[in-house]
Amino acid sequence: MKKDIEIPIAKDVQVAIIREWNEEFLSKDWNAYIINNRADQIEMVMVVSKGFDEERQTTTMRHSMGTILPSDFKKIELLQEEVLALDNEFFVTFFAEGKLFEKRFLFPKNTVSEKKS
């Protein structure tokens, strides 16, 4: 029975955290993006994010991203500087090829910084 269960591997979908200029607030902000590097579109994209460590945890955020075309991206959320001192997890689920895919992305605490970009 177990041999009949297919667990698809989510490839060519990434999450990136980028520092960019915010023209509205005249500041540099950290933003998380989901990138579809697949040859096909991904549909019903859902991203669940949270920051955590041994003592603290942020609110769990759920983002419905809809459809992302091939070689395209969408902004997930703004990340406050204080949250980067925590482990940041992005759990991505989407439909493609008539199947449900999922992938977990973890950015360990203090690994996202201006020096490392």
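The largest nonpolar core of this predicted model has 23 residues, and the members that touch the most others in it are Ile34, Val45, Phe90 and Phe94. As a general point, nonpolar side chains in soluble globular proteins tend to be buried together. Which strands supply this core? At least two residues come from each of β1 (13-22), β2 (27-36), β3 (42-52), β4 (61-68), β5 (72-79), β6 (87-96) and β7 (99-107). Strand β6 provides the largest share, with 4 residues.

Let us look at one of those core members. Leaving aside residues up to four places away in sequence, phenylalanine 94 touches Ala10, Val13, Arg38, Ile42, Glu43, Met44, Val45, Lys99, Leu100 and Phe101.

Is histidine 63 buried or exposed? Its relative accessibility is 13%, and because the limit for a buried residue is under 20%, histidine 63 counts as buried. What does its side chain contact? There is a polar contact, at 2.8 Å, between the side chains of histidine 63 and glutamate 77. With residues up to four places away in sequence again set aside, the residues that histidine 63 touches are Val45, Met46, Val47, Ser49, Ile76 and Glu77.

Now to the arrangement of strands. An open sheet is formed by 3 strands, in the order β1-β2-β5, with antiparallel pairing. The edges are taken by β1 and β5; each has a single partner strand, so one side of each has no neighbour in the sheet. From one strand to the next, the twist averages 30°. Within this sheet, the antiparallel pairing of β1 with β2 extends over 10 bridges. Glutamate 20, for its part, stands opposite aspartate 29 in β2.

Finally, I would draw attention to two backbone angles. In general, most residues other than glycine have a negative phi. Aspartate 12, although not a glycine, has a positive phi of about 65°. This aspartate 12 belongs to the segment before β1, and with a relative accessibility of 42% it counts as partly exposed.

The second case is serine 71, where phi is also positive, near 55°, in a residue other than glycine. Where is serine 71 placed? Serine 71 is in the loop between β4 and β5. Its relative accessible area is 63%, and since exposed means over 50%, serine 71 is exposed.

Note on methods:
Residues are numbered from 1 along each chain as its sequence is written. This is a predicted model: local features need pLDDT of at least 70, side-chain atom pairs count only at pLDDT 80 or more; totals for chains, interfaces and linings use all residues. Side-chain values use heavy atoms; hydrogens and water are left out. A nonpolar core is a set of buried Ala, Val, Leu, Ile, Met, Phe, Trp, Tyr and Cys residues joined through side-chain atoms within 4.5 Å. Buried means under 20% relative accessible area, exposed over 50%, partly exposed in between (1.4 Å probe, protein chains only). Contact means heavy atoms within 4.5 Å. A polar contact is a pair of N or O atoms within 3.5 Å; within protein, one must be able to donate a hydrogen and the other to accept it, and residues adjacent in sequence count only if both atoms are side-chain atoms. Two strands pair if DSSP finds at least two bridges between them. Axes are lines fitted to C-alpha atoms, for helices over the stretch in contact, and angles run from 0 to 180 degrees between N-to-C directions.
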